[in-house]
Amino acid sequence: MSALDRATADETERPPDPSAFGVYYARLQHQQNMLQDVVRTDTYRRAIVGNADDFRGKVVLDVGAGTGILSFFAAQAGAGRVYAVEASAMAERAASLAASQGNARLARYAPDESRAKAGALSTSKLSADAAWDALDPTARIHVVRGKVEDVTIPEHVDVIISEPLGFLLVHERMLEAFINARDRFLKSGGLVMPSRGDIFAQPITDGQLWQEQEAKASFWRSQDFHGVDLSALHDAALDEYFGQAVVGYYPPEAAVSDDVATYAFDFGTCSVQDLRKFEIPFSFRITKTAILHGFGCWFDARFDGSTERVVLSTSPKAPGTHWYQSRLLLRRPIAVNPGQSISGTLSFKVNDRLSYDVEVNVVLDGTSVSSHQRVRLDDQMYHYLTPGQPQVPHA
Ligand code: SAH
């Protein structure tokens, strides 16, 4: 058992502490970045408002509400009561937004419009402890500041909505909080949105990107850096650069196979443990003469409403999102030819940096040629096709 194995085995079912992200998410500019991801926000709205039958008159929990946008969508879809739980100080912004005149229609029950117009909700200054005392019983959206695994809400809910998606679906480990909330608060037979997440991987060639990483490491080959021989660290530098997850769009033509490996999480049934360690086996038939430099990965989130099934895709063939795609490079690439096949695994295991270590193992079938790479999903290298795009540290 490695140290990592022990760390995982010792962990309880509790999701990790997201406070490292708390400062980040408390900033309006970062919430804005997510709100302005048109694909993300429109798809969520379609999934919720387009499935109004699942929300009308229902009790809803919004896990990690941020500005409360998904809670507003739920209210637009006719939800009776929405609990908007947010760990960061953004909770107070969400409460003022819900209480503001322009949103009062959504933030309060409709029966008495004159009361709805009367002013702010008393929830605009919530702390975790004071939350319940401060609640206005007539409010439609109740904002609660706290980690979802720490708060209590007074009833079980019909629907849980959340946007817990990180790079490659799982980075940030917020899905664990989503599943924890499902286990504690969802009525049996209730609905979770998203209902399912799929990770996809395909083998790619990208000589330029590979050389870029190698060139950065070559600094450490210097034998006379102000009189100091740095070359003893060159190997470690290569490990570090190739151990970065490359975040950015890549063209679908980079694929060297038509095959795609997939791995699905059913958010209605999966456990927190299922998320902490999982393995994606793959087998790809090669279609090009090329150098295999690594794997291009993305994810879809699916919303199985009773009216409409909606898919949020971050595929290289889909319109761009702030999740881009993620590439896992091989320090030791493999030359491949059409007709050959490669197989192996991508093994994901949580680390204590709210992210994952990914072990990539690949063999050229029928040969002794293989490659292994460890990639840290929390160590990201941003690489955009279009220069000048915002360098966004979030997903
Ligand atoms: N739902 C919003 C924000 C999504 S970002 C939207 O769709 O725009 C994720 C949010 O979840 C962040 O604001 C973050 O602070 C919050 N969060 C992360 N982990 C949490 C947890 N365990 N409990 C409550 N909120 C959490």
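Where is the place of Arg-140? The legends below begin with this residue, and the model they describe is predicted.

**Figure 1. Arg-140 in a loop of the predicted model.** The place of Arg-140 is in the loop that runs between helix α9 (131–134) and strand β3 (141–145). Arg-140 has a relative accessible area of 13%, and because buried means under 20%, Arg-140 is classed as buried. The side chain of Arg-140 reaches the backbone oxygen of Ala-79, at 2.7 Å.

**Figure 2. The protein chain as a whole, for orientation.** The protein chain holds 13 helices and 15 strands. The chain has 395 residues, of which 53% count as buried. Its accessible surface comes to about 16900 Å², and carbon and sulfur atoms account for 51% of that surface. Among contacts between residues at least 6 apart in sequence, 74% join residues at least 24 apart.

**Figure 3. Polar atoms around the ligand.** There are 21 residues around the ligand, and those that come nearest are Arg-40, Gly-64, Glu-86, Val-148 and Glu-149. Arg-40 places a polar side-chain atom 2.8 Å from an oxygen atom of the ligand. Two further residues lie by nitrogen atoms of the ligand: Val-148 has a backbone N or O atom 2.9 Å from a nitrogen atom, and Glu-149 has a polar side-chain atom 3.1 Å from a nitrogen atom. On its own the ligand has 580 Å² of accessible area, and the protein covers 98% of that area.

**Figure 4. Composition of the shell around the ligand.** Which elements give two or more residues to the shell around the ligand? They are the helices α3 (28–35) and α5 (69–76). The largest share comes from α3, with three residues. By residue class, the shell divides into eleven nonpolar, five polar and five charged residues.

**Figure 5. Helix α12 and its buried face.** Helix α12 spans residues 234–242, and its buried residues are His-234, Ala-237, Leu-238 and Phe-242. Seen down the axis of α12, these buried residues fall within an arc of 120°, so they line one face of the helix. The elements against which the buried residues of α12 pack are helix α11 (207–217) and the strands β7 (244–248), β12 (325–336) and β15 (370–382).

**Figure 6. Asp-379 in strand β15.** Asp-379 is found in strand β15, one of the elements that the buried residues of α12 pack against. Leaving aside neighbours within four places in sequence, Asp-379 is in contact with Glu-240, Gln-244 and Ala-245. With Gln-244 there is a polar contact between side chains, at 3.1 Å. Asp-357 lies 22 residues from Asp-379 in sequence, and the C-alpha atoms of Asp-379 and Asp-357 are 9.7 Å apart.

Figure 7. Leu-169 has phi near 70°, a positive value in a residue other than glycine. The place of Leu-169 is in the loop between β4 (157–162) and α10 (175–185). Glu-172 lies in the loop between β4 and α10 as well, and its phi is near 90°, again a positive value in a residue other than glycine. Are these residues buried or exposed? Leu-169 is buried, with a relative accessible area of 0%. Glu-172, at 7% relative accessibility, also counts as buried.

Figure 8. The peptide bond that runs from Met-193 to Pro-194 is cis, and its omega is near 5°. Pro-194 has its place in the loop between strands β5 (186–193) and β6 (196–204).

**Figure 9. Thr-262 in strand β8.** Strand β8 covers residues 261–266 and includes Thr-262. The relative accessible area of Thr-262 is 45%, and the residue is partly exposed. Apart from neighbours within four places in sequence, Thr-262 is in contact with Ile-199, Phe-200 and Ile-280. Thr-262 and Gln-202 are 60 residues apart in sequence, with 9.2 Å between their C-alpha atoms.

Conventions:
Residues are numbered from 1 along each chain as its sequence is written. This is a predicted model: local features need pLDDT of at least 70, side-chain atom pairs count only at pLDDT 80 or more; totals for chains, interfaces and linings use all residues. Side-chain values use heavy atoms; hydrogens and water are left out. Buried means under 20% relative accessible area, exposed over 50%, partly exposed in between (1.4 Å probe, protein chains only). Helices (H or I, at least four residues) and strands (E, at least two) are DSSP runs, numbered from the N terminus. The arc is that of the directions from the helix axis to the C-beta atoms. Contact means heavy atoms within 4.5 Å. A residue is near a molecule or strand if one of its heavy atoms lies within 4 Å of it. A polar contact is a pair of N or O atoms within 3.5 Å; within protein, one must be able to donate a hydrogen and the other to accept it, and residues adjacent in sequence count only if both atoms are side-chain atoms. Accessible areas come from the Shrake-Rupley method with a 1.4 Å probe; for residues, only the protein chains shown count as cover. Ala, Val, Leu, Ile, Met, Phe, Trp, Tyr, Cys and Pro count as nonpolar, Asp, Glu, Lys and Arg as charged, and the others, Gly among them, as polar.
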